[in-house]
Structure formats: C-alpha cells, structure tokens
Amino acid sequence: MPFNIPILLTWLRVALIPLVVGVFYVPEIGLSRYEQGIASTIIFVVAAATDWFDGFLARRWDQTSAFGAFLDPVADKLMVTGALLVLVHLDRVHPITAFIIIGREIAISALREWMAQIGASKSVAVSSLGKIKTTAQMIAIPMLLFYGDLFGFIDTQVLGKWLLLIAAVLTVWSMLYYLQKAWPLIKKVQESKSGA
C-alpha cells in the first residue's frame, strides 16, 4: 500500500466519519443539539475539503495510485452514507431520499467495477451531471447537519432539504445516464456469452 500525503488525507477523511456521527450520540460530550449540529457541520466540511485537496495534491505531485483511486471514492461514500443515516435518525431527511442516494452509489460502484473487469471503465467515467449531483449533495448535507439560521438570514433547514431533493433527482438521472452508456456493452457481453 503506497503512503503519501494525498493518501494520508484520504485516511483522515475516513477517520473523521465516526466524529460526524459520534457528536450526536456521545452523551459525555455534553453539547446541546445546536452545538452538536455546529460541531458535526465543521467536521463534515473539513472532511469534504480533504476530498478536494487530496485529489489536487495527488495530481500536482504526480502521486496518483491505484490504491488511492480505490480508497478515495470509498471514503466519500462512507462519509455521505454516515451523514445521511444520522440525518434520517434526526428526522431531517426522509428515508426514501437517503435510500435513493445510497442505493445509487452502491449500484454505480458495482457497475463501474464490472465495467472495469471487461476493460470499459471509461464508459462510466464521472460525468458533469454526476459532479453537479455531488456538489448539491455536499452543500445540502452540512446545511442539514447545522439545521438552523446561518448568518441570521439563511434558513439551512429549507435550503438543505431542497438541495438534497435536487441531488436525489440528479442521482436518479445520472444513474439512468450511466446505465444508458453501459447498456450497449452489457448487451454485447451477454450476446457473446450466449453465442459461445
């Protein structure tokens, strides 16, 4: 396993995930619900920042690796899944919305793995639609963790819920897009197997 600064940042993101969740469930901390929201939001934002920073450094220092390419999306999915489960438990996100987002991530990860096995991973490379979905999602989640008025005039409850709803719609749309791109190759493999 390679060890460098970008991978260290990715591991840091993994290590921060229990803290995003834990601040709401460790009574010894002695924080109010509002303070828990602030702490969780800060931790999530720091973790999200490492996501951008580790990729930037890996490209700039030419320290990209197969292990880093594997660990980075896993860390992202764990972070989003952990936060969504907390938000469902706090009744800030509808379970169906969380299921759509988490289910899509599992489905597309499986599709990408299968496409990589047949040497067609570029067919399901990250699209601009997926990037927009991720942006909406990564803004919505800290807003819903905070769940109050930001700067006295931004209602993060309402804005966060709308952004996550947009992210859920884009989640389905991007999944259909990836499946459409992959379908001809899936069909081709099935035909070659049936003809063999």
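A patch is made of residues with over 30% relative accessible area and no salt bridge, with nonpolar side chains (Val, Leu, Ile, Met, Phe, Trp, Tyr) joined within 5 Å; a salt bridge is a side-chain nitrogen of Lys or Arg within 4 Å of a carboxyl oxygen of Asp or Glu. Areas follow the Shrake-Rupley method with a 1.4 Å probe. The model is predicted: local features need pLDDT of at least 70, side-chain atom pairs count only at pLDDT 80 or more, and totals for chains, interfaces and linings use all residues. Residues are numbered from 1 along the chain, and side-chain values use heavy atoms, without hydrogens and water.

Ile96, Phe99, Ile100, Val172, Leu176 and Leu179 form a nonpolar surface patch of about 550 Å². At least two of the patch residues come from each of helix 4 and helix 6 (helices are DSSP runs of H or I, at least four residues; strands are E runs, at least two). Ile96 lies in helix 4 and counts as exposed because its relative accessibility is 52%, where exposed means over 50%, buried under 20% and partly exposed in between.

The chain has 6 helices and 2 strands, and 39% of its 196 residues are buried. A nonpolar core joins buried Ala, Val, Leu, Ile, Met, Phe, Trp, Tyr and Cys residues through side-chain atoms within 4.5 Å.

| Core | Size | Residues, among them |
|---|---|---|
| Largest | 28 residues | Phe44, Leu84, Ile141, Leu145, Leu164 |
| Second, separate | 6 residues | Leu111, Met115, Ala182, Ile186 |

Technical notes. Buried < 20%, exposed > 50% of the residue type's maximum accessible area, 1.4 Å probe, protein only. Patch = residues over 30% accessible without salt bridge, like charges linked within 9 Å, V, L, I, M, F, W, Y side chains within 5 Å.
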